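Please consult the sequence and the coordinates alongside the text.

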Amino acid sequence: MQRFLKYVFVLGLIMSVAACTTAAKKEGGEEAPVAAEEPGKMLDPLSDPSSPLATRVIYFDFDSSVIKDEFKDVITAHADYLVGHPEAAIILEGHADERGSREYNIALGERRAKAVEQLLTVQGVSAKQIQVISFGEERPVALGHDESAWSLNRRVEILYSGQ
Amino acid sequence: MNMMLLRRVVLLFSLLMVSTTGSATLTIDITQGVEGALPIAIVPFHWEGAEVLPEDITAVIKSDLQRSGRFAPIPDKDLIARPFEGKQVKFQNWRVLNVDNLVVGHVSYEKDKKIYRIQFQLFDVYKENQLTGYSFRTSGRNLRRTAHRISDIIFETLMGVRGAFDTSIAYITVGYSDKNQKIYNLAVADSDGYNEQIIYQSTQPMLSPSWSPDGRRIAYVSYRRGRPELYLQNIATKKVKRISSYQGLNNAPAWSPKGDTLAMTLSKDGNPEIYVMNMKSNKLTRITRNYAIDTEPVWLPDGRSLIFTSDRGGGPQLYRIKVGRRGAVGKAERITYEGKYNARPTVSPDGKKIAMVHQMEDKFHIAVMDTETEHFTILTESSLDESPSFAPNGSMIIYATEHDNRGVLSAVSVDGSTKQRLSFQQGDVREPAWSPFRTN
């Protein structure tokens, strides 16, 4: 349930960016109005819905761990943040869609997460800030049995600890 | 007083609930049968007791034989006589029914010893002779198992292949708790799905159960501490031991035929590689060295080679590698070329066939390859088939698939001619692993 809320949270962030609303979702999925014009209050970039850091999911093609160009800026933004905040730590969770074999998918999920890890470390992030865990196809976010669900499940999630 | 009674009624009711959910949850559908299935008459075993027998032995035998796809037991209403021992059989009557074989039997109870005595005989109707006959003594608890043993004897006598009815299946079920939390169960049941026993329950994923060759322990992957680690569990005592928790993957356990080593996938050195662990010393021997994914090892019956999945050629394909005491001997050799995706190998007990997950267009089927002729056959038509496992007699392959949006188990004969589906009333079932033959 908590995990589900987290996805709602991430999804909510993406949607609020897209719609330029003034409402953002805080941790835990609670809705809270953000006084966007309120002066003098520094927003933590991690909880700023308009920051590229708000994107926490990287998607992949079938049986591929190649990071698509469209996600490279997002990963660079996370790299910049992690370099600037050496106390911050993340878990990279690798996932796969349900097709094919489960153990191969766990290996594939790990390779996807490691591809993201590598792109972060070449930009100066310390390996100590990153933990990689693969769930393969064991934790889908979308439950359908078609490409629209599969494309959402082939992913790496960037999870900041303490969030 | 009334409270007491009420409490008893409630208790009785809840016991009933437990027993119904425990036994009525499984259904087996034969989705495809053989045309030339052998007609056989199985006369309900004679029982002298006043009470109903705790198990309907005849029904278990009939269901076993029918499920195999090789036999077509005739319906009870068509039985023209009800003999229960040899001297009562009039063969000409049964020839009229066009049945080749006839099974008769009877059950008695030795009250003082609390033991059931089951006798049965199998006849050839045309040759008018007894092919085999046995007498068993068993407790009430083991009646069902005795019925499976009788099925095994009938199967072996008529088919020339050892029966695999008196065996078990391990699998993973996924359901939800009262609080809507995901619950994963590692379970073991009889080969027909009855007598399910939960071995381990967790809110975190489990997968890849692998039976020890003596059938007493199961190695498997569990995320109970947040990441994949390997555990070993004794089925009878439920005692559990963590056997591998290196950084990264600790996955895909596979017992060697002798039970002295366990092959597995570890990514502690950077990416998934195959290792072999000595089960006495816990010492690891690294088998593969490759930047690609190497996983899903499985032993050939001689214990000298492993088949595994690797994407070193671009996509996942199966490879064979010889294993010596100090690691790999020679290079891994690719063995599958059919299509773009072949993974999760499993080897038949005689080593002559390898079953796998095979992608055809956008569907994933179970396929089988003959190791000598390299003849390749796709056995299934459903689309999300995975995790094949051979019966210990090599006649059937059980696998996981989707049906009506739920995970179910199916079994297909090695020639693809018969199929059956085992489904449970709630939740998903996956990751089946057929046990070895019982040793006792």
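## A partly exposed arginine and its salt bridge

B:R137 is partly exposed, its relative accessible area being 47%; here buried means under 20% relative accessible area, exposed over 50%, and partly exposed in between (1.4 Å probe, protein chains only). The side chain of B:R137 meets that of B:E110 in a salt bridge of 3.4 Å, N to O, a salt bridge being a side-chain nitrogen of Lys or Arg within 4 Å of a carboxyl oxygen of Asp or Glu. Because B:E110 lies in strand β5 (residues 101–110) and B:R137 in strand β7 (residues 129–138) of chain B, the pair ties together parts that are 27 residues apart in sequence. B:E110 counts as buried, at 19% relative accessibility.

Helices (H or I, at least four residues) and strands (E, at least two) are DSSP runs, numbered from the N terminus.

## Basis of the model

The model is predicted: local features need pLDDT of at least 70, side-chain atom pairs count only at pLDDT 80 or more, and totals for chains, interfaces and linings use all residues. Residues are numbered from 1 along each chain as its sequence is written, chains are lettered from A and ligands numbered from 1 in the order in which they are written, and side-chain values use heavy atoms, with hydrogens and water left out.

## Chain A

Chain A has four helices and six strands, which follow the order α-β-β-β-α-β-α-β-α-β from the N terminus on. Of its 163 residues, 48% are buried. Among contacts (heavy atoms within 4.5 Å) in chain A with a separation of 6 or more, 71% are between residues 24 or more positions apart. The accessible surface of chain A, computed by the Shrake-Rupley method with a 1.4 Å probe, comes to about 8000 Å², and 58% of this belongs to carbon and sulfur atoms.

## Further salt bridges within the chains

Over all chains, the count comes to 34 salt bridges. One of them joins A:D97 and A:R154, with the closest N and O atoms 2.9 Å apart. A:D97 lies in the loop between β4 (90–95) and α3 of chain A, and A:R154 in the loop between α4 (147–153) and β6 (155–160), so the pair ties together parts that are 57 residues apart in sequence. Both partners are buried: A:D97 has a relative accessibility of 2%, and A:R154 has a relative accessible area of 4%.

In chain B, B:K62 forms a salt bridge with B:D76, the closest N and O atoms being 2.8 Å apart. B:K62 belongs to helix α2 (residues 57–67) and B:D76 to the loop between β4 (71–73) and α3 (91–96), so this pair ties together parts that are 14 residues apart in sequence. B:K62 counts as buried at 17% relative accessibility, whereas B:D76 is partly exposed at 31%.

## The interface of chains A and B

In the interface, 24 residues of chain A are in contact with 37 residues of chain B. The area buried between the two chains, meaning the accessible area (1.4 Å probe) that two parts lose on being put together, summed over both, is about 2500 Å², with carbon and sulfur atoms giving 54%. A:R102, A:E103 and A:Y104 supply 27% of the area that chain A buries against chain B, more than any other three residues.

Four salt bridges are counted between chain A and chain B. In one of them, the side chains of A:R102 and B:E386 meet at 2.7 Å, N to O. The largest share of the side of chain A that touches chain B, 10 residues, comes from α3(A).

B:T295 is in strand β19 (residues 294–299) of chain B and counts as buried at 1% relative accessibility. Its contacts, leaving aside neighbours within four places in sequence, include A:E103, A:Y104 and A:A107 as well as B:A252 and B:T265. B:A252 is found in strand β15 (residues 250–255), counts as buried at 6% relative accessibility, and has a positive phi of about 50° although it is not a glycine.
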